[in-house]
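Please look over the structure below before reading on. The report then takes its local features one by one.

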Amino acid sequence: MGQNLLGSVRDAIETGGLLRAGERVGVAVSGGADSVALLLLLVELRKQLGIVLSVTHFNHELRGKYSEGDEKFAARLAAKYKLAFHAGRADIGAEAKRQKANLEDTARRARYEFFEALVKDGRVDKIAVAHTADDQAETVLAHILRGTGLAGLGGIHPRVGHVVRPLLGVRREELRAYLKSKKQRWREDASNRDTTRMRARIRKRLMPILEKQFQPAVVEHLGTLAELAREDEAFLEGLVDGRLRRIVERETAAVKIPVSELLGSETETEFNAEGSESIENTERRETRNLSAARRMVRRMVGEVKPREGQLNAAHVRAVLELAKTGENGKSLQFAGGLLVRREHDSLVFCIAGALAGGKAGKPVEFERAVKLDGSQTLVRVPELSCVFRFRVIDWPAKRRDTIETGFVLDRDALQTPLALRNWHAGDRLRPWGHRGEHKLKRLLSKKRVSGREREGWPVVTSRGVLVWARGFPVGAEFAANKKTRLGVVITEEPIS
């Protein structure tokens with residue numbers, strides 16, 4: 001029994017590339033049978049695998065003296081096998097109440113943050129966790145009952161980052177038999193029998209019915225389903241990755257995608273033998289495009305969302321509806337700080353309040369005095385991460401090259417105070433070549449500059465009058481002309 005189990009675990013580790021020789025592996029030991037069995041199995045296999053073991057334990061402080069007992073039990077196991085012991089703790093009950101969050105989710109998040117900290121501190125390279133085939137089957141069923149797609153059918157992954165799960169192909173009963181053969185005790189967590197929790201109801205009520213009355217191999221079949229779903233999910237995600245790399249514009253706190261690309265402008269079209277597209281092929285293409293669009297939405301959410309959790313199916317539908325019919329400037333806000341906004345022909349996924357160039361929740365505001373004392377003046381604007389260069393040029397010598405552009409100011413027309421600042425609501429400008437004066441907001445809108453991109457948009461004023469704005473010809477009454485002797489050219493460069 002023990003040798004067969006050892007062989008199965010070793011094969012899972014080696015074929016899955018879960019652990020490599022020389023790695024420091026922290027075994028997450030809660031005190032329960034599964035985690036204790038994992039520790040003992042890895043102790044037996046450590047020489048063959050060439051790994052260095054330690055024991056990790058996270059105290060959730062949810063069960064009073066029983067939680068303290070679990071920690072002491074894990075510490076004694078570490079001492080028994082002369083292994084280093086890494087312990088962490090947090091008052092999960094208080095934390096969940098403070099965040100108004102689910103208790104189990106809060107506990108899991110804190111536990112995995114502790115694991116991540118151990119890796120970052122250099123104390124371990126990997127964390128081995130004792131999820132079993134039964135856990136996998138229960139997870140897949142829980143996802144099905146709550147409502148899920150292909151990703152949810154994948155259940156628990158054997159490896160995610162630094163966390164590995166060598167026991168996903170092993171039944172709980174095998175592990176308990178192994179511990180009994182070793183005369184090794186373990187601790188039972190009474191909360192695992194609390195059938196007010198969905199996972200406990202699946203374990204205690206649903207799984208026995210399925211095994212006895214429907215399919216004795218239901219656990220193995222659900223495990224196979226999860227494995228196949230993960231393979232298909234990885235393949236489809238690879239296709240989406242390639243598409244997103246081509247079409248998504250990434251910024252500091254946002255990602256932007258053209259609506260036409262999101263909704264599926266495929267380059268290849270399927271045709272029937274007569275040369276016209278069949279109804280069946282049209283429907284197939286539309287279904288494929290919709291599936292890709294859903295995936296792209298979830299991937300972009302994953303890139304920008306500050307906290308865990310994904311959009312549900314209804315949320316994804318709302319985002320796609322915004323792409324299909326939403327008006328410019330319309331937005332959707334979701335839990336976790338996510339904002340999805342329609343900006344002309346694109347959708348922008350960003351964190352609510354996080355604007356390019358500024359701190360979250362604060363508008364980008366700046367004002368700098370400009371003194372044209374020499375041939376060149378540099379004005380640094382850290383708020384925009386750029387520097388503005390004001391260059392005074394000999395206009396008669398240069399006008400042939402630049403007069404048609406309308407981007408040169410007449411030096412003598414400018415009056416002090418001269419200032420470089422962010423645009424204000426109500427600013428007006430008559431760009432060179434325009435007959436009338438317009439609100440800068442309207443000019444920016446016609447140029448399709450989004451509200452987010454307008455944040456901190458730079459302008460130059462002469463005695464309070466707008467003479468220049470980024471991306472536009474200079475103010476008509478301040479533009480260089482035939483009588484100009486000295487011109488002023490403004491350029492913008494990133495701060496090096």
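## The model

This is a predicted model. Every value here is computed from it.

## An open antiparallel sheet

Five strands make up an open sheet. Their order is E7-E8-E11-E10-E9, and the pairing is antiparallel. Strand E7 (249–250) and strand E9 (331–334) are at the edges. Each has a single partner strand, so one side of each has no neighbour in the sheet.

E9 is joined to strand E10 (residues 338–343) by four bridges, and the two run antiparallel. In this pairing, Ser331 is opposite Arg341 of E10. Helix H10 (residues 218–247) packs on the sheet. H10 touches E7 and strand E8 (254–258). The direction of H10 makes about 90° with that of E8.

## Helices H4 and H5

Helix H4 (residues 92–99) packs against helix H5 (residues 103–120). The angle is about 115°, and the axes are 9 Å apart. The crossing of H4 and H5 is right-handed.

H4 makes the contact with Ile92, Gly93, Glu95, Ala96 and Gln99. H5 brings Leu103, Thr106, Ala107, Arg109 and Ala110. By class, the residues of this contact are five nonpolar, three polar and two charged.

## The aromatic cluster

How many aromatic pairs does a search of the whole structure find? It finds four. Phe58 and Phe114 form a tilted pair, 5.5 Å centre to centre, with 40° between the planes. Phe58 lies in strand E2 (residues 52–59) and Phe114 in helix H5, so the pair ties together parts 56 residues apart in sequence. Both Phe58 and Phe114 are buried.

Tyr112 and Phe115 have ring centres 5.3 Å apart and planes at 80°, so this pair is edge-to-face. The two are three residues apart in helix H5, which means about one helical turn separates them. Tyr112 and Phe115 are both buried. Ring pairs link Phe58, Tyr112, Phe114 and Phe115 into a cluster.

## Two positive phi values

Lys183 has a phi near 55°, a positive value in a residue other than glycine. Lys183 sits in the loop between helix H8 (172–181) and helix H9 (198–214). Is Lys183 buried or exposed? Its relative accessibility is 76%, so Lys183 counts as exposed.

His344 also has a positive phi, about 55°, although it is not a glycine. His344 is in the loop between E10 and strand E11 (346–351). At 16% relative accessibility, under the 20% cut-off, His344 counts as buried.

## A cis peptide bond

Which residues does a cis peptide bond join? They are Thr416 and Pro417, with omega at about 0°. Pro417 is in the loop between strand E15 (408–410) and strand E16 (418–422).

## Gly155

Gly155 is in the loop between helix H7 (150–153) and strand E5 (159–160). With 15% relative accessibility, Gly155 counts as buried. What does Gly155 contact, leaving aside its neighbours within four places in sequence? The partners are Gln136, Thr139, Val140 and His143.

Gly155 and Ala226 are 71 residues apart along the chain. Their C-alpha atoms are separated by 5.7 Å.

Note on methods
Residues numbered from 1 in each chain as written. Predicted model: local features only at pLDDT ≥ 70, side-chain atom pairs only at ≥ 80, totals over all residues. Heavy atoms only, no water. Pairing = 2+ DSSP bridges. Contact = heavy atoms within 4.5 Å. Axes fitted to C-alpha atoms, helices over the stretch in contact; angles between N-to-C directions. Buried < 20%, exposed > 50% of the residue type's maximum accessible area, 1.4 Å probe, protein only. Left-handed = near helix turned anticlockwise from the far one by under 90°. Nonpolar A, V, L, I, M, F, W, Y, C, P; charged D, E, K, R; others polar. Phe/Tyr/Trp six-rings, centres within 6.5 Å; stacked < 30°, edge-to-face > 60°.
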